[in-house]
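Please view the sequence and the structure together, and then follow the points below.

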Amino acid sequence: MIRTVELAAPAKINLDLRVTGTRRDGYHELRTLFQALELHDTVTLTRRPGPLVVRSRSRRVPRDRQNIGWTAAQALWTALGRGGPPVGVAVSIRKRIPLCGGLGGGSSNAAAVLRGLAILWDAPRAVGGMRSLKKLALSIGADVPFLLTGGLALGTGRGDSIRRLPALPPLWVVLAVPHFGVSTPDAYRWFDNFPSAVRNDELLPRRWRRRLDALQNHLEAPVVERHPEIGDCILRLRQLGAAHTAMTGSGSTVFGLFHGQELAEAARRRLRAPGWHTVLTRTLDREEFRGLARPRLGK
Ligand code: C5P
């Protein structure tokens with residue numbers, strides 16, 4: 001019998017994010033380019049008697065129902081026709097992805113919990129395969145469906161309707177993470193109240209693959225208005241030679257894209273700003289994502 005499943009849960013950035021409308025369900029209609037990164041958390045699922053527990057050494061990770069991994073476990077448990085709260089498993093999360101930074105850490109943990117529990121609970125047969133996992137992922141959070149498969153993809157709807165795209169050439173990514181996070185609902189609220197929120201640039205520019213600096217994030221200006229240091233960091237990364245630099249998702253992390261590792265390493269070294277934490281990582285295409293995220297089973 002399989003006793004443990006260990007999975008990598010990779011981070012994402014939004015290379016581009018355009019808000020194209022508001023929806024009746026309170027969400028915003030998006031068109032966004034998701035890119036998976038090598039930076040990842042590690043999620044380990046272990047069978048144990050008794051109620052589900054969530055563990056993490058990182059003190060900021062919630063260990064109760066607030067944890068989105070818990071939500072994922074509950075969603076799969078219910079989809080399998082079982083009543084009450086889930087039992088029989090411990091979820092351990094080794095955090096490397098900064099929290100509340102727009103890097104999809106929690107969503108990726110949830111996607112990993114779904115993929116791992118589907119193995120432990122033999123769910124694909126019971127709930128009808130990967131397509132059903134995607135449906136469950138939709139119900140957990142807007143970024144979760146993308147983080148089941150990774151690579152480069154266009155997200156529409158709430159960002160949860162995913163169309164896979166051919167990979168970009170490999171890019172080195174410098175992440176600059178401030179000491180504060182930005183809550184996603186706040187960022188969208190600030191966007192709604194931002195003066196130039198009515199936009200006519202809903203489509204990606206033509207030939208964007210060759211013009212990475214034409215990519216943009218509609219949430220950036222409203223968030224920078226509250227946190228000007230994010231704008232300063234974007235400017236600084238541009239001066240340090242990034243092919244493109246922007247805020248990811250609803251912030252607070254800023255990323256810079258580089259074509260070469262040395263240039264990226266030099267930029268990271270020179271970026272040092274008090275209170276900011278930097279990470280050097282790289283983009284993952286779908287094959288690499290599959291390799292990294294492959295579940296490792298223990299008997
Ligand atoms: O689905 P997720 O948990 O990532 O979304 C958190 C919040 O962000 C939502 O409750 C909503 O306020 C906002 N959001 C939005 N439109 C989106 C995604 C998120 O308004 N497409």
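At 56% relative accessibility, Arg207 counts as exposed, because exposure here requires a value over 50%. The model under discussion is a predicted one.

- Arg207 has a phi near 55°, a positive value in a residue that is not glycine.
- The place of Arg207 in the chain is the loop between α6 (residues 184-192) and α7 (residues 220-226).
- Cys100, likewise not a glycine, has a positive phi of about 50°. This cysteine belongs to the loop that lies between β4 and α2.
- Between Gly251 and Ser252 the peptide bond is cis, with omega near 10°. Ser252 is part of the loop between β8 (residues 244-247) and β9 (residues 254-258).

**The nonpolar core**

- The largest nonpolar core contains 41 residues. Those with the most contacts inside this core are Leu45, Leu76, Val91, Val113, Leu114, Leu117 and Trp121.
- Several elements each supply at least two residues of the core, including the strands β1 (4-22), β2 (28-51) and β4 (87-94). Among the helices that do so are α1 (68-79), α2 (105-120), α5 (146-149) and α10 (286-293).
- Which helix provides the largest share of this core? That helix is α2, with 8 residues.

**Salt bridges**

- In general terms, side chains of opposite charge can pair when their charged atoms come close.
- The count of salt bridges in the model comes to 12.
- One of them joins the side chains of Asp16 and Arg18, with an N to O distance of 2.7 Å. Are these two residues buried or exposed? Asp16 and Arg18 are both buried.
- Another salt bridge links Arg158 with Asp160, whose closest N and O atoms are 2.8 Å apart. Arg158 is buried, and Asp160 is buried as well.
- Arg189 forms a salt bridge with Asp186, and here the closest N and O atoms are 2.4 Å apart. The two residues are separated by about one helical turn because they stand 3 residues apart in helix α6.
- Arg189 has a relative accessible area of 45% and is therefore partly exposed. Asp186, with a relative accessible area of 25%, is also partly exposed.

**A positive patch on the surface**

- Arg131, Lys134, Lys135 and Arg164 gather on the surface in a patch of positive charge.
- Which helix gives the largest share of this patch? Helix α4 (residues 130-140) does, with 3 residues.
- Lys134 is located in helix α4. With a relative accessible area of 33%, Lys134 is partly exposed, so this residue passes the patch requirement of over 30% relative accessible area.

Technical notes: Residues are numbered from 1 along each chain as its sequence is written. This is a predicted model: local features need pLDDT of at least 70, side-chain atom pairs count only at pLDDT 80 or more; totals for chains, interfaces and linings use all residues. Side-chain values use heavy atoms; hydrogens and water are left out. Patches are made of residues with over 30% relative accessible area and no salt bridge: like charges are joined within 9 Å, nonpolar side chains (Val, Leu, Ile, Met, Phe, Trp, Tyr) within 5 Å. Accessible areas come from the Shrake-Rupley method with a 1.4 Å probe; for residues, only the protein chains shown count as cover. A salt bridge is a side-chain nitrogen of Lys or Arg within 4 Å of a carboxyl oxygen of Asp or Glu. Lys and Arg count as positive and Asp and Glu as negative; His and the chain ends are not counted. The place of a charge is taken as NZ of Lys, CZ of Arg, CG of Asp or CD of Glu. Helices (H or I, at least four residues) and strands (E, at least two) are DSSP runs, numbered from the N terminus. Buried means under 20% relative accessible area, exposed over 50%, partly exposed in between (1.4 Å probe, protein chains only). A nonpolar core is a set of buried Ala, Val, Leu, Ile, Met, Phe, Trp, Tyr and Cys residues joined through side-chain atoms within 4.5 Å.
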